[in-house]
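This report walks through one protein chain, from its overall build to single residues. Look over the sequence and the fold before reading on.

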Amino acid sequence: MHVDEAVLEPLRVRFGRPAPLAWEGEITEAEYRLSTAEAGRAHDVTLFILDGDRLAFIRKPQYPAGLWRPPGGGVKPGEGFEAGALREALEETGLAVELTRYLVDARARFRHAGRQLDWRTHVFEARALGHVLAPRDVREIEAARWGTLAELSGPLRERFLATGRPLWRYRIALHDAAAEVLGLE
């Protein structure tokens, strides 16, 4: 995996030691296919992009109605981690951002039908360098909007749970851990 300890240690030095999170669970066949769709990738970065008290949310076309989450995606092979995170922010929200803090380093084990996938999510706080949300990757991102951390921990959390999807439970664990580090839970 190209996002390894040699890549992560300088990020810890620069942006702080993240809170660890361990998660393990069964996922559906569709979720397993989604998680393994990009050969060699077993990571993502999730961005808590803040503009004052506002938090950037994105919505993908396949999401159930009313479901929004913080943006993020994968760092490409040969791409610097920070450059990949900034690219994802721009593609998904249209915002230039500045990474400010490494919030959570999650290690997950997804299981399905006797198979398992070890996955890592790196959650970063970022400061928006603009105010207008306008996704650039309109095939992947249906919309972006501003919300709040309280919304993510309240009504959106309930919508994630209502889907019954295991990977959304993982998302909730990430959001809860980040909110705790930010002092909001």
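## Contacts and overall build

Two residues are in contact when they have heavy atoms within 4.5 Å. On that basis, residues 24 or more positions apart supply 74% of the contacts in the protein chain with a separation of 6 or more. The model is predicted.

The protein chain has six helices and seven strands. From the N terminus on, the order is α-β-α-β-β-β-α-β-β-β-α-α-α.

## Dimensions and surface

The radius of gyration of the protein chain is 15 Å. A compact globule of 185 residues would have a value near 16 Å, so the two agree. Along the principal axes, the C-alpha atoms fill a box of roughly 45 × 40 × 35 Å.

Of the 185 residues, 51% count as buried. The accessible surface of the protein chain comes to about 8,600 Å². Carbon and sulfur atoms hold 54% of that surface. The protein chain carries 26 positive and 28 negative side chains. The centres of these two sets lie 2 Å apart.

## Helix 6

Helix 6 covers residues 166–181. Its 16 residues should span 22 Å at 1.5 Å a residue. The end C-alpha atoms are 23 Å apart, which agrees. Gly183 follows helix 6 and has a positive phi, near 80 degrees.

Pro166 belongs to helix 6. Its relative accessibility is 9%; buried means under 20%, so Pro166 counts as buried. Leaving out residues up to four places away in sequence, Pro166 touches Trp23, Glu26, Ile27, Thr28 and Glu31. Arg139 is 27 residues from Pro166 in sequence, and their C-alpha atoms are 25 Å apart.

## Pro70, a buried loop residue

Pro70 sits in the loop between strand 3 (54–59) and strand 4 (72–73). Its relative accessibility is 0%, so Pro70 counts as buried. Which residues does Pro70 touch, not counting those up to four places away in sequence? They are Thr46, Leu47, Phe48, Ala56, Phe57, Ile58, Leu152 and His175. One of these, His175, falls within the 166–181 range of helix 6.

Pro70 and Ala144 are 74 residues apart in sequence. In space, their C-alpha atoms are 9.3 Å apart.

## Two exposed loop residues

Ala113 lies in the loop between strand 5 (97–112) and strand 6 (115–128). Its relative accessible area is 60%. Exposed means over 50%, so Ala113 is exposed. Most residues other than glycine have a negative phi. Ala113 is not a glycine, yet its phi is positive, at about 50 degrees.

Val132 is found in the loop between strand 6 and strand 7 (143–147). Buried or exposed? With a relative accessible area of 63%, Val132 is exposed. Val132 still has contacts with Thr93 and Leu95, leaving aside its neighbours within four places in sequence. Val132 and Arg145 are 13 residues apart in sequence and 8.9 Å apart in space, C-alpha to C-alpha.

Definitions and conventions:
Residues numbered from 1 in each chain as written. Predicted model: local features only at pLDDT ≥ 70, side-chain atom pairs only at ≥ 80, totals over all residues. Heavy atoms only, no water. Helix = DSSP H or I, 4+ residues; strand = E, 2+ residues; numbered from the N terminus. Rg over C-alpha atoms; globule rule 2.2 N^0.38 Å. Buried < 20%, exposed > 50% of the residue type's maximum accessible area, 1.4 Å probe, protein only. Areas by Shrake-Rupley, 256 points an atom, 1.4 Å probe, with all protein chains shown as cover. Lys, Arg positive; Asp, Glu negative; His and termini not counted. Charge placed at Lys NZ, Arg CZ, Asp CG, Glu CD. Expected span 1.5 Å × (residues − 1).
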